[in-house]
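Welcome! Here are some exercises to work through with the structure in view, each followed by a worked solution.

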Amino acid sequence: VGPKLFQYVLKVLVQSVQLLYTLLRIDQPSYILLQQNPPGLPTIAVAWVAGLWWGSKLIVDWHNYGYTIMSLSHGRNHPLVLIAKWYEKLFGRLSDYNLCVTDAMKKDLWVNFKIKAVTLYDKPASYFKETPLDLQHNLYMKLAKDYEPFQPRYYRAVNASADRSAFTERDGKSGNVVKTRGRPALLISSTSWTEDEDFSVLLRALEDYERFIKEGAKLPALVCVITGKGPLKDYYKGLIQKLHFKHIQICTPWLEAEDYPLLLGSADLGVCLHKSSSGLDLPMKVVDMFGCCLPVCAIHFECLHELVKHNENGLIFRDSKELAEQLKMLFLDFATLEGKLHSFRENLRACQQLRWDQSWDQIVLPLLGNKE
């Protein structure tokens, strides 16, 4: 109740008391790791106070800045944003160790905050990997129960009990799973439906893709799956309902946790519309996609090149027109094992990137002197 500023201050005070009470009840730790800052208000200050009490070392893991996220809603010069910036700068300097997700953020932390940090790139967990065809088929059949795009395109013409999805079918005699002839391409994008992702860019690109097919381009039909939940989901679902595609189906399911990596490992192309509020962090969704050897088209921002290598493991676009042309180019060779889409996947398979636990052992443990 009351004015929003009063609500915000009260929320911070209550969270501070709750968090400090929780921290002081645990066994004395050697280190306190504040993982994935932001949110840093009131977390950094409370963790620092708890560290003083325990004599513990404080490690801050910078993924972005809280004040730049606040500025999306309030503007850069809003008093709350300026206070948040001062707060992060002050308490960030009080930490003993600092990790960050890009070299660009490492440089910015030093130049603007005088904070020395070590770059620890996000890495995919071990369960993000390519999905075997059998598991793909089981997933498609499961999703087909609730979502029409996963059902066979001519569903009414086939036996309803046939072991077939829009993408795969199981041979009744051998039991082998094969990809259906003339199957649609599966495009996936995950989102938290917030202001830093403009999904109208993808919708306009899909309109152009539909037009390419109507004009005679030999392109596959497209199933576009957008996962996640967030404040702007209903707004974009309203825009999607106004679109009338003949060759494109859009699906916005909420997936079970174990199904998300399976779907990434089954898709043909990922699309990322994440734009960093600071221009200094990298989208974790692309990291997970690369763990599944899934090529990506990602919208450009300042340090994206540290993750997406244009024309090597994916493509970078700046607007809907460029994305539409990239979709056209990538899917023209969809039915063959040739073209950019296949070479991107092969490059991802060949790079054999580190997984999370290996990266931690190589970068963080030496920082701590291998004492733990």
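**Exercise 1: strands side by side**

Glycine 314 of β12 is the bridge partner of valine 296. Before going on, note that this is a predicted model, in which local features need pLDDT of at least 70, side-chain atom pairs count only at pLDDT 80 or more, and totals for chains, interfaces and linings use all residues. Residues are numbered from 1 along each chain as its sequence is written, and side-chain values use heavy atoms, with hydrogens and water left out.

Task: find in which sense β11 and β12 pair, and over how many bridges.

Solution. Step one: locate strand β11 at residues 296-299; strands here are DSSP runs (E, at least two residues) and helices are too (H or I, at least four residues), numbered from the N terminus. Step two: β11 and β12 pair in the parallel sense over four bridges, where pairing requires that DSSP finds at least two bridges between two strands. Step three: turn to β10, which pairs with β11 in the parallel sense over three bridges. There, valine 271 has cysteine 297 of β11 as its bridge partner.

**Exercise 2: a cysteine in a loop**

Task: decide whether cysteine 292 is buried or exposed, and find which residues it touches.

Solution. Step one: cysteine 292 lies in the loop between α10 (284-291) and β11. Step two: its relative accessible area is 0%, so cysteine 292 is buried. Step three: not counting residues up to four places away in sequence, cysteine 292 touches Phe128, Lys129, Glu130, Pro261, Leu264, Gly265 and Arg345; contact means heavy atoms within 4.5 Å. Step four: take glutamate 130, which is 162 residues from cysteine 292 in sequence, yet the two are 4.7 Å apart in space, C-alpha to C-alpha.

Technical notes: Buried means under 20% relative accessible area, exposed over 50%, partly exposed in between (1.4 Å probe, protein chains only).
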